Amino acid sequence: VGTVTDLHIGYEDALGESASYYIQGGPAIVMPDGEDQELELAGKFGGSVAVAENVSVYGELSGMTGDELSIGTKVGMKYGF
């Protein structure tokens with residue numbers, strides 16, 4: 001348990017009218033409870049695609065260095081109203 005603060009810089013762009021993507025990365029300050037903070041490298045990329053007028057699906061792949069490389073994924077759906 002603890003806190004991670006990402007200090008990322010990134011880029012995002014559209015792919016036509018119904019899709020977009022982003023990429024970002026930089027240092028991550030890892031602050032575990034009761035331990036010294038560490039500086040790691042982190043990054044992520046992802047995108048979204050509109051599937052209906054107010055509905056889109058998205059995905060993300062992220063990673064962070066450390067004792068072992070940590071990999072994470074995220075998928076979901078957004079509804080705008």
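Okay, let's start with a term: a residue is called buried under 20% relative accessible area, exposed over 50%, and partly exposed in between, using a 1.4 Å probe and protein chains only. By that rule, Lys 74 is partly exposed because its relative accessibility is 42%.

Quick housekeeping. This is a predicted model, where local features need pLDDT of at least 70, side-chain atom pairs count only at pLDDT 80 or more, and totals for chains, interfaces and linings use all residues. Residues are numbered from 1 along each chain as its sequence is written, and side-chain values use heavy atoms, with hydrogens and water left out.

So, who does Lys 74 team up with? Its salt-bridge partner is Glu 60, with the closest N and O atoms 4.0 Å apart. By salt bridge I mean a side-chain nitrogen of Lys or Arg within 4 Å of a carboxyl oxygen of Asp or Glu. Searching the whole structure turns up 1 of these. Glu 60 sits in strand S5 (residues 55–64) and Lys 74 in strand S6 (residues 70–79), so the pair ties together parts 14 residues apart in sequence. Strands here are DSSP runs of E, at least two residues, numbered from the N terminus. Glu 60, by the way, counts as buried, at 15% relative accessibility.

Now look at strand S2, residues 9–14. How many of its 6 residues are buried? The count is 0, so to speak a strand that is hardly covered. S2 runs antiparallel to strand S3 (residues 19–32), and 6 bridges join them; strands pair if DSSP finds at least two bridges between them.

On to the surface. Patches use residues with over 30% relative accessible area and no salt bridge, joining like charges within 9 Å and nonpolar side chains (Val, Leu, Ile, Met, Phe, Trp, Tyr) within 5 Å. Accessible areas come from the Shrake-Rupley method with a 1.4 Å probe. The nonpolar patch has about 820 Å² of accessible area together, and its members include Tyr 11, Tyr 21, Ile 23 and Ile 71.

Glu 68 lies in the loop between S5 and S6, exposed at 65%.

Methods
Helices (H or I, at least four residues) and strands (E, at least two) are DSSP runs, numbered from the N terminus.
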